[in-house]
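This report looks at charged side chains: where they pair up and where like charges gather. Please look at the sequence and the model first.

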Amino acid sequence: MKKIVSYFVLFSILFVLAACGSKATDSDKAIKIGATAGTYSDQLREGIIPILEEKGYSVEIVEFNDYVQPNNALNEGSIDANLYQNRNYLLNFNEEQGMDLVPAFAVPTAPIALYSEKHKSLDDIENGMTITLPNDPVNLARSLHMLESYGWITVDKNVDPITASERDIQENKYDLKVKPIEPAQTPRSLSDTDFAFVNGNYALASGLKLDEAVDVEKTSEDFLIYLAVNKEDENSSFLKDLEAAYKSEEFLEYTNKNSKGYVKPPYQLELEEGK
């Protein structure tokens with residue numbers, strides 16, 4: 001009898017552990033989604049959750065204020081999905097941290113942009129100016145390549161364009177002081193810098209507007225924000241329902257009304273073309 005009880009306890013423990021990394025069953029309609037505060041939390045709360053609730057889901061948004069903890073939480077199973085990062089950032093994070101998180105689909109994205117409280121135009125550039133930019137590898141590289149497109153710097157062509165850093169600047173035409181800082185701090189740096197590259201979510205959360213930017217990135221699909229899940233959940237019912245909500249005409253209408261200036265994912269552009 002003791003052996004039977006022991007086997008039962010062991011089985012129960014293994015079952016609980018197996019369920020921690022992903023949804024226990026497809027019939028479980030209580031889900032947690034991690035997101036940075038502001039833009040993408042608002043999209044979920046206002047545009048997506050009402051659609052999911054009609055299907056019987058109960059959705060909790062867990063807000064984070066950095067670019068590391070949402071992936072750690074997803075990998076550990078304390079949330080079921082997250083929404084805050086572009087595809088290249090996630091793939092780079094997987095490689096560096098030994099994780100196997102999956103970029104499921106893109107969502108309407110607020111582009112990274114160049115802001116200034118002191119200057120109105122790229123023509124205002126002068127020797128010795130200071131530029132702050134996000135210090136996470138992918139967004140740092142994006143910012144550097146925008147600087148290169150202005151003719152202000154050149155970046156080593158032999159370096160992976162996804163992970164280029166300030167150390168890879170080969171020519172600095174205006175002797176610019178290029179300062180990578182925490183992404184969430186870039187809006188606050190505007191009072192102390194000449195120009196700042198600010199990720200779309202942090203820009204909008206801080207009250208900056210896209211039409212106030214000195215320049216806005218022409219964002220490619222790799223740099224759109226993706227909803228991410230654990231590998232074992234990429235065919236789950238809750239993910240299929242999430243994707244259907246984002247690809248709905250109802251959410252397209254929400255995007256057009258509330259997310260002007262955002263870069264739309266291909267499925268929304270196709271939906272508009274089909275109308």
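The model is predicted. The salt bridges in it number 10. Three of them are listed here with the distance between nitrogen and oxygen.

| Pair | N to O distance |
|---|---|
| Arg45 and Glu63 | 3.3 Å |
| Arg87 and Asp222 | 2.5 Å |
| Glu148 and Lys157 | 3.2 Å |

Arg45 and Glu63 form a salt bridge that joins distant parts of the chain, from helix α2 to strand β2, 18 residues apart. Arg45 is partly exposed, at 40% relative accessible area, and Glu63 is also partly exposed, at 41%. Together with Asp42, these two residues make up a network of salt bridges.

Arg87 pairs with Asp222, and this too links distant parts of the chain: Arg87 lies in helix α4 (residues 87-97), while Asp222 sits in the loop between β11 (215-216) and β12 (225-230), 135 residues apart. Arg87 has a relative accessible area of 24% and is partly exposed; Asp222, at 30%, is partly exposed.

In the bridge of Glu148 with Lys157, Glu148 counts as buried at 18% relative accessibility, whereas Lys157 is exposed at 69%.

On the surface, a patch of negative charge is formed by Glu53, Glu54, Glu249, Glu250 and Glu253. Helix α8 (residues 249-258) gives the largest share of this patch, 3 residues. Glu54 belongs to the loop between α2 (39-53) and β2 (58-64). Glu54 is classed as exposed because its relative accessible area is 65%, and exposed means over 50%.

How values were computed. Residues are numbered from 1 along each chain as its sequence is written. This is a predicted model: local features need pLDDT of at least 70, side-chain atom pairs count only at pLDDT 80 or more; totals for chains, interfaces and linings use all residues. Side-chain values use heavy atoms; hydrogens and water are left out. Patches are made of residues with over 30% relative accessible area and no salt bridge: like charges are joined within 9 Å, nonpolar side chains (Val, Leu, Ile, Met, Phe, Trp, Tyr) within 5 Å. Accessible areas come from the Shrake-Rupley method with a 1.4 Å probe; for residues, only the protein chains shown count as cover. A salt bridge is a side-chain nitrogen of Lys or Arg within 4 Å of a carboxyl oxygen of Asp or Glu. Lys and Arg count as positive and Asp and Glu as negative; His and the chain ends are not counted. The place of a charge is taken as NZ of Lys, CZ of Arg, CG of Asp or CD of Glu. Helices (H or I, at least four residues) and strands (E, at least two) are DSSP runs, numbered from the N terminus. Buried means under 20% relative accessible area, exposed over 50%, partly exposed in between (1.4 Å probe, protein chains only).
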